[in-house]
Amino acid sequence: MTAPARDRDPGLQPERTRLAWRRTTLSSTVAAVLAVKAALHGGPSPLGVVSCALCCALWLGFLVVAHRRIRTLASGAGRTTALGPRDATAATLCTVAIAVCAVALVF
């Protein structure tokens, strides 16, 4: 005999995902602040100012994507949708670019 079809019960999965996005946003904020501190250590230089501006722009881009996703998960409007390819690509590119900026600032 086959088991009867059941509706999907997401349980706490949307909340865990929302909290993970918040933790990632906090980590991204700390990385951006440390990058700004490293860039401006010893006085501002043109390269440091450009790096700071780029890190801040990338952080804001990631923040927009994360906030949109958190809002979608928190709405609880029925079934939550998967992260779209556009948002996933934007979040990935912002994260990688912030890491590249951090490496550039260290060296």
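This is a predicted model: local features need pLDDT of at least 70, side-chain atom pairs count only at pLDDT 80 or more; totals for chains, interfaces and linings use all residues.
Two residues are in contact when they have heavy atoms within 4.5 Å of each other. With that in hand, here are the views.

Figure 1. Helices here are DSSP runs (H or I) of at least four residues, strands are E runs of at least two, and both are numbered from the N terminus. Along the sequence, the pattern reads α-α-α. Take the contacts between residues at least 6 apart in sequence: 77% of them join residues at least 24 apart. Residues are numbered from 1 along each chain as its sequence is written, and side-chain values use heavy atoms, leaving out hydrogens and water. Local features need pLDDT of at least 70 and side-chain atom pairs pLDDT 80 or more, while totals for chains, interfaces and linings use all residues.

Figure 2. Of the 107 residues, 23% count as buried (under 20% relative accessible area, with a 1.4 Å probe and protein chains only). The protein exposes about 7700 Å², and carbon and sulfur atoms supply 67% of that.

**Figure 3. Helix H2 packs with helix H3.** H2 covers residues 46–75 and H3 covers residues 85–106; their axes lie 9 Å apart, at an angle of about 155 degrees. The two helices are therefore roughly antiparallel (the label for angles over 145 degrees).

**Figure 4. Who touches whom between H2 and H3.** On H2, the contact residues include Leu54, Leu58, Trp59 and Phe62. Among the H3 partners are Ala90, Cys94, Ile98 and Leu105. The contact's residues divide into 13 nonpolar, three polar and two charged.

Technical notes
Buried means under 20% relative accessible area, exposed over 50%, partly exposed in between (1.4 Å probe, protein chains only). Accessible areas come from the Shrake-Rupley method with a 1.4 Å probe; for residues, only the protein chains shown count as cover. Axes are lines fitted to C-alpha atoms, for helices over the stretch in contact, and angles run from 0 to 180 degrees between N-to-C directions. Angles under 35 degrees count as roughly parallel, over 145 as roughly antiparallel, 65 to 115 as roughly perpendicular and the rest as oblique. Ala, Val, Leu, Ile, Met, Phe, Trp, Tyr, Cys and Pro count as nonpolar, Asp, Glu, Lys and Arg as charged, and the others, Gly among them, as polar.
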